[in-house]
Amino acid sequence: MSSSGTTARLLPGGPVAERVLAEVAEDVAALRAAGVTPALATVLVGDDDASAGYIRIKQRQAAELGFASPHVHLPASSAQADLHRVLEDFNADKDVHGVLVQYPIPGHLDYDRALQVLDPDKDVDGLHPMNMGRLALGLPGPLPCTPAGIEALLAFHGVPVAGREVVILGRGATLGRPLAMLLAQKRPTANAAVTVVHTGVADWPRYTRRAEILIAAAGVPGIIQPEHVRPGAVVVGGGVRYEGRRLLPDVDESCAEVAGAITPRVGGVGPTTVAMLFRNAVLAARRAAGLS
Ligand SMILES: NC(=O)c1ccc[n+]([C@@H]2O[C@H](COP(=O)([O-])OP(=O)(O)OC[C@H]3O[C@@H](n4cnc5c(N)ncnc54)[C@H](OP(=O)(O)O)[C@@H]3O)[C@@H](O)[C@H]2O)c1
């Protein structure tokens, strides 16, 4: 589909991430001035090129923001207990404030079990069961990065959410489910009427077509087509699948002809997710230092 028919306003994530990262850099500088060097540790298991590349990017960004970033690289043949030992060491190290285990890990290892070993206060992905529980109860703690990034993106672009009908396609643990909890919270940038649809709702387009804000979180390329979108609605593409390095989004580009505003195919939700990771890390350092 050519872009000539595009009518929707674009909602890029880049400027949102820039603003969040500028705040993170200020917080890092304040911590350093108080004698605390915030540290975000990274763990890579195995030799997957793409994962090693993502870790390098995050380490470079961590250094630019002023974080220390201790790194452990475990061989692909590592046992579950080896990974747990690394996490327990980071848990015990009071100079480490956040820990990131690069996903995916080799197939013989269990990511969810490893996540449960991590100190929830150091869980910068915000996906530890304790943090999902905190989110459900509205207690402070690290927020899941992609949902928090989507809330920030909508707020940054002046999209009102409070009181509006939000429909999320997908109830996965990293995106749809925590996003539904987040956007239903009683806060000015949330406070929405949230509906979640999934494979159990055969006629899900009935719901998406009435959404004022439609958020795709399925990971099924092209699942959202123009006929699923209410004219003038805000459409956020969170779900993606990768084929090699090729990114295949849930939201078909032609939806821009029906939507009032839409995230771009590339540079939408992704940059905000990474920014939230660093925000979680600096907030963890602030909490550990007794500053918040
Ligand atoms: N942009 C980013 O930075 C970023 C970050 C994290 C994740 N993501 C993406 O977000 C997506 C969701 O992640 P996740 O871990 O939450 O996913 P997940 O656990 O795979 O969940 C996918 C959800 O989509 C629903 N679904 C799948 N196919 C469907 C269909 N044909 N009709 C209706 N519903 C369907 C599933 O329904 P059932 O529950 O009924 O199976 C499930 O609830 C993935 O594509 C992931 O790559 C993006």
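**Notebook: helix crossing, surface patch and a few loops**

I started with helix 1 (residues 14-33) and helix 6 (residues 145-156), whose axes come within 9 Å and cross at roughly 105 degrees. Axes here are lines fitted to C-alpha atoms, for helices over the stretch in contact, with angles from 0 to 180 degrees between N-to-C directions. Helix 1 and helix 6 are therefore roughly perpendicular (65 to 115 degrees; under 35 is roughly parallel, over 145 roughly antiparallel, the rest oblique). Pro15, Val16 and Arg19 of helix 1 make the contact with Ala152, Leu153 and Phe156 of helix 6; contact means heavy atoms within 4.5 Å. Helices (H or I, at least four residues) and strands (E, at least two) are DSSP runs, numbered from the N terminus.

A note to myself: this is a predicted model, where local features need pLDDT of at least 70 and side-chain atom pairs count only at pLDDT 80 or more, while totals for chains, interfaces and linings use all residues. Residues are numbered from 1 along each chain as its sequence is written, and side-chain values use heavy atoms, with hydrogens and water left out.

Still on helix 1, I looked up Glu23. Glu23 is partly exposed at 41% relative accessible area (buried is under 20%, exposed over 50%, partly exposed in between; 1.4 Å probe, protein chains only).

Is Val159 buried or exposed? At 8% relative accessibility, Val159 counts as buried. Beyond neighbours within four places in sequence, Val159 touches Arg9, Leu11, Leu154, Arg164, Ile213 and Val234. Ile213 is 54 residues away along the chain, with 9.1 Å between the C-alpha atoms.

Next, the surface: Tyr54, Ile57, Val240 and Tyr242 form a nonpolar patch with about 360 Å² of accessible area together. Helix 2 (49-65) and strand 9 (240-243) each supply at least two of the patch residues. Tyr242, in strand 9, is partly exposed at 46%. Patch residues have over 30% relative accessible area and no salt bridge, and nonpolar side chains are joined within 5 Å. A salt bridge is a Lys or Arg side-chain nitrogen within 4 Å of an Asp or Glu carboxyl oxygen.

Last, the backbone. Most residues other than glycine have a negative phi, and most peptide bonds are trans. Tyr103 and Pro104 are joined by a cis peptide bond, with omega about 0 degrees. Pro104 sits in the loop between strand 4 (98-101) and helix 4 (111-117). Asn191 has a positive phi, near 60 degrees, and lies in the loop between helix 7 (176-183) and strand 6 (193-197).

Terms used:
Patches are made of residues with over 30% relative accessible area and no salt bridge: like charges are joined within 9 Å, nonpolar side chains (Val, Leu, Ile, Met, Phe, Trp, Tyr) within 5 Å. Accessible areas come from the Shrake-Rupley method with a 1.4 Å probe; for residues, only the protein chains shown count as cover.
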